[in-house]
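Visitor: Good morning. Could you take me through this structure, please?

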Amino acid sequence: MYKVHFENRFILISSEPDRLQKYGLFHKFHATVALYKIISDFQSDTSLQSVNVYGPDIEHIWKIFRIYFTEVGAAGGLVRHTSGRYLFIEKKGKLDLPKGHIEPGEMPETCAIREVTEECGISGHEIVKELQPSYHTYTWEGISYLKKTYWYLMRYDRTMLIEPQTGEGITRVEWLLPDELSKIKSSAWLSLMDLINISVLKTP
């Protein structure tokens, strides 16, 4: 299954129709041109909140889906302090996790460590394990991009800095306990809540 976010909307690609969830549209894959029309219509019609594209050969659908976009890579970190608190930032009015584009020749793990340092001003954080990646799209100068973000759970045991790195566009830094995370739904991206639910709250 692949879930691709268009800001706070998404297209889900699955092998069977996901009848347990409510979708604005179901589409059984049968031709590339039809899939591309679905994507184009979804990009332009922001009233449509979600689409479920399904078919038995999910990897084939995913390959065709990706060809529609120019692909870019990013990496970031879910930083857990030894106190049990998690590091969050506020950027563009939304709570988020530190992340950024992977530079040419850079490994995702290296990028994730670097971005956390640059955006949060901390050092000494270490990767514990890789988390489930996320996908989202954006359009820049008429080009549609598909960004894959590699996420890593990180351990940190030093001072919990709260000074935002304003040069990186960060307006707030917070360290939140797990029982506070469900309360940030209204001020966080849908893709971030998906990551939190899977990696921290352990809910589907």
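Predicted model: local features only at pLDDT ≥ 70, side-chain atom pairs only at ≥ 80, totals over all residues.

Visitor: What pLDDT does the protein average?
Guide: The protein averages a pLDDT of 92, and 99% of the residues score at least 70. The term pLDDT stands for the predictor's confidence in each residue, from 0 to 100.

Visitor: And where is confidence lowest and highest?
Guide: Confidence is lowest in helix H4 (residues 178–181), with a mean of 86, and highest in H2, at 98. Helices (H or I, at least four residues) and strands (E, at least two) are DSSP runs, numbered from the N terminus.

Visitor: Let us turn to the helices. At what angle do H1 and H2 cross?
Guide: Helix H1 (residues 32–44) and helix H2 (residues 58–67) cross at roughly 60°, and their axes come within 10 Å. The axes are lines fitted to C-alpha atoms, for helices over the stretch in contact, and angles run from 0 to 180 degrees between N-to-C directions.

Visitor: How are H1 and H2 described, then?
Guide: H1 and H2 are therefore oblique to each other. Angles under 35 degrees count as roughly parallel, over 145 as roughly antiparallel, 65 to 115 as roughly perpendicular and the rest as oblique.

Visitor: Is the crossing of H1 and H2 left-handed or right-handed?
Guide: The crossing of H1 and H2 is right-handed. A crossing is right-handed if the near helix is turned clockwise from the far one by less than a right angle, and left-handed if anticlockwise.

Visitor: Which residues of H1 and H2 meet?
Guide: From H1, Thr 32, Leu 35, Tyr 36 and Ile 39 meet Ile 61, Ile 64, Phe 65 and Ile 67 of H2. The residues of this contact of H1 with H2 divide into seven nonpolar, one polar and no charged. Contact means heavy atoms within 4.5 Å. Ala, Val, Leu, Ile, Met, Phe, Trp, Tyr, Cys and Pro count as nonpolar, Asp, Glu, Lys and Arg as charged, and the others, Gly among them, as polar.

Visitor: A change of topic: is Gly 77 buried or exposed?
Guide: Gly 77 counts as buried, at 0% relative accessibility. Buried means under 20% relative accessible area, exposed over 50%, and partly exposed in between (1.4 Å probe, protein chains only). Gly 77 is found in strand S5 (residues 70–81).

Visitor: What does Gly 77 touch?
Guide: Not counting residues up to four places away in sequence, Gly 77 touches Leu 97, Pro 98, Val 116, Trp 151, Tyr 152 and Met 154.

Visitor: You mentioned Pro 98 there. Where is the place of Pro 98?
Guide: Pro 98 has its place in the loop between strand S7 (94–96) and strand S8 (99–101). Pro 98 counts as buried, at 0% relative accessibility. The C-alpha atoms of Pro 98 and Glu 119 are separated by 6.1 Å, and these residues are 21 residues apart along the chain.

Visitor: What about phi: which value does Glu 7 have?
Guide: Phi of Glu 7 is near 55°, a positive value in a residue other than glycine. Most residues other than glycine have a negative phi. Glu 7 is in the loop between S1 and strand S2 (9–14), and counts as exposed at 58% relative accessibility.

Visitor: And what is phi for Glu 141?
Guide: Glu 141 has a positive phi of about 55° although it is not a glycine. Glu 141 lies in the loop between strand S10 (134–140) and strand S11 (143–156). Glu 141 is exposed, with a relative accessible area of 70%.

Technical notes
Residues numbered from 1 in each chain as written. Heavy atoms only, no water.
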